Amino acid sequence: MSDTATFEYKGKKIEFPVVEGTENEIGIDIKTLRASAGVITLDPGYKNTGSCESAITYLDGEKGILRYRGYAIEDLAEKANFLEVAYLLIFGELPNKEQLDKFHSDIKANSEVDEDVKKIVDSFPRTAHPMGVLSSLTSALTAFNPSCVDINSEEDMYNAIVKIMGKFPVLAAWTLRRRNSKPYDYGNASLGYVENMLYMMFKKPNEEYKLNPVVVDALDKLLILHADHEQNCSTSTVRIVGSSHAGLFASLSAGVSALWGPLHGGANQAVIEMLEGIKEDGGDTAKYMEKAKDKNDSFRLMGFGHRVYKNFDPRAKIIKKSADEVLGDLGVEDPVLSIAKGLEKQALEDDYFVKRKLYPNVDFYSGIIYRALGIPTEMFTVMFALGRLPGWIAQWREMRLKKEPIGRPRQIYVGENLRPFVEVSKR
Ligand code: CMC
């Protein structure tokens, strides 16, 4: 495409190429801005800044569209399983039966974690937040799998990917088992990837663990819905850490830390805690609506709003339906579900929320499902991380294969100008 955008500053006009994506998104390529005009752009929070061209996930926040590698999220959530989606995100195409079986068996063959990692898990206080533990353990893996990934070797890349796909759920399960004082377990190799996650988390030493297909299906769907979301905070973190050529595991560990925050993945835990708080305070949702709108009150309606979705979050639509089905199938009556529905109804009719295009996001209902599945609240964000793992891997792989330069934003300095040093006795 030969379009250009003209930038004018102090009488000097500069033409910049316009880049058009496959879904007709337009970006102005300002790579040469500083060199040609001596200025930079300022965009805190990167609300208008594209950091890369990517072929993994497409989303249109105005129309509420989300696609992985061209496939609609609605189709994938309904018809695919999580491992197929992981393969699709990472390698670009849906796997055939043989590719999928090989992927799964390679993951299983690489799931073993060095015995010494158990000592590290044991050294955490039982009260430590599982996300802090998971981030540390992911980072610790670098010590036990020291070889660096040779990005020019497809085999090396593949091996690193199946290793982390195998070991990450083991580490996630062990964070829970540490918390619950249960022996560490590798699960059952005859089970599916998602089934084994549940088995590793909840199997009691002297009891058979019976898998409930409703629980497995619901978890599979949740993991698919969380699997990628283009350049969000944790994914950008993974890409930027990886851009310094830090290894895959180190980059993922940084991603886990970024996901932990309540404005990002930690929102699922924050939503349930908020709903519980409202319930304990008598269930007056109107009072909390007012608090959320009050600019002198730091309270925000957790699970509402999104940086990109300004119409509705398509994942929230799928999850809301799923929450009703799962709670019905499992016979769970959760009072916080009716508080959630009440809040949603009021917010959708409220001027403050309507004007700012604040709709329920993926995490508004996910916590309610996780709770119905028997997953403890502090583990919700870990479940999100388990789902986001293939997305992070896919984005890291894409960034390294494209040989992107190190991520290094600039700034506008607003501090003191040069001043003379004053000896301590004279200050
Ligand atoms: N409750 C009340 N007011 C809100 C909320 C909320 N949840 N979200 C945004 N606003 C207001 C905000 O105060 C601002 O108002 P004003 O224009 O009067 O100053 C306006 O809406 C725009 O908000 P913003 O913070 O500038 O928007 P953002 O794009 O920077 O932030 C967000 C997006 C998701 C961080 C934010 O909506 C939020 O904090 N939501 C609650 C936390 C949450 O649910 N996070 C999960 C996101 S989905 C999962 C994921 O992708 O990780």
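**Reading contacts, cores and a ligand shell**

Modeller: In this predicted model, N232 is found in the loop between α9 (213-226) and α10 (233-242).

Biologist: Is N232 buried or exposed?

Modeller: The cut-off for calling a residue buried is a relative accessible area under 20%, and N232, with a relative accessible area of 13%, is therefore buried.

Biologist: Which side chains make polar contacts with the side chain of N232?

Modeller: The side chains of N232 and S234 are joined by a polar contact of 3.0 Å, and a polar contact of 3.4 Å links the side chain of N232 with that of R388. If neighbours within four places in sequence are left aside, N232 is in contact with H264 and R388.

Biologist: Which side chains have an N or O atom listed with a distance to an oxygen atom of the ligand?

Modeller: An N or O atom in the side chain of K295 is 2.9 Å from an oxygen atom of the ligand, while for the side chain of K47 the distance to a ligand oxygen atom is 3.3 Å. On the nitrogen side, a polar side-chain atom of Y352 lies 2.9 Å from a nitrogen atom of the ligand. Of the 940 Å² of accessible area that the ligand has on its own, the protein covers 78%.

Biologist: How should I read the nonpolar core, and which residues have the most contacts inside it?

Modeller: As a general idea, nonpolar side chains in soluble globular proteins tend to be buried together. Here the largest nonpolar core has 116 residues, and Y68, F103 and L301 have the most contacts inside it. Helix α7 (residues 154-179) supplies the largest share of this core, 14 residues. Apart from this core lies another, of 5 residues, including I14, L33, A37 and V39.

Biologist: What does F103 touch, beyond residues up to four places away in sequence?

Modeller: With those excluded, F103 touches L83, A86, Y87, I90, F91, Y158, I161 and V162.

Biologist: Where does T285 lie, and what polar contact joins its side chain to that of Q346?

Modeller: T285 lies in helix α13 (residues 285-293) and, at 11% relative accessibility, counts as buried. The side chains of T285 and Q346 are joined by a polar contact of 2.8 Å. Although T285 and G342 are 57 residues apart in sequence, their C-alpha atoms are 7.0 Å apart in space.

Terms used
Residues numbered from 1 in each chain as written. Predicted model: local features only at pLDDT ≥ 70, side-chain atom pairs only at ≥ 80, totals over all residues. Heavy atoms only, no water. Polar contact = N/O pair within 3.5 Å; in protein donor to acceptor, adjacent residues only side chain to side chain. Areas by Shrake-Rupley, 256 points an atom, 1.4 Å probe, with all protein chains shown as cover. Core = buried A, V, L, I, M, F, W, Y, C linked by side-chain atoms within 4.5 Å. Buried < 20%, exposed > 50% of the residue type's maximum accessible area, 1.4 Å probe, protein only. Helix = DSSP H or I, 4+ residues; strand = E, 2+ residues; numbered from the N terminus. Contact = heavy atoms within 4.5 Å.
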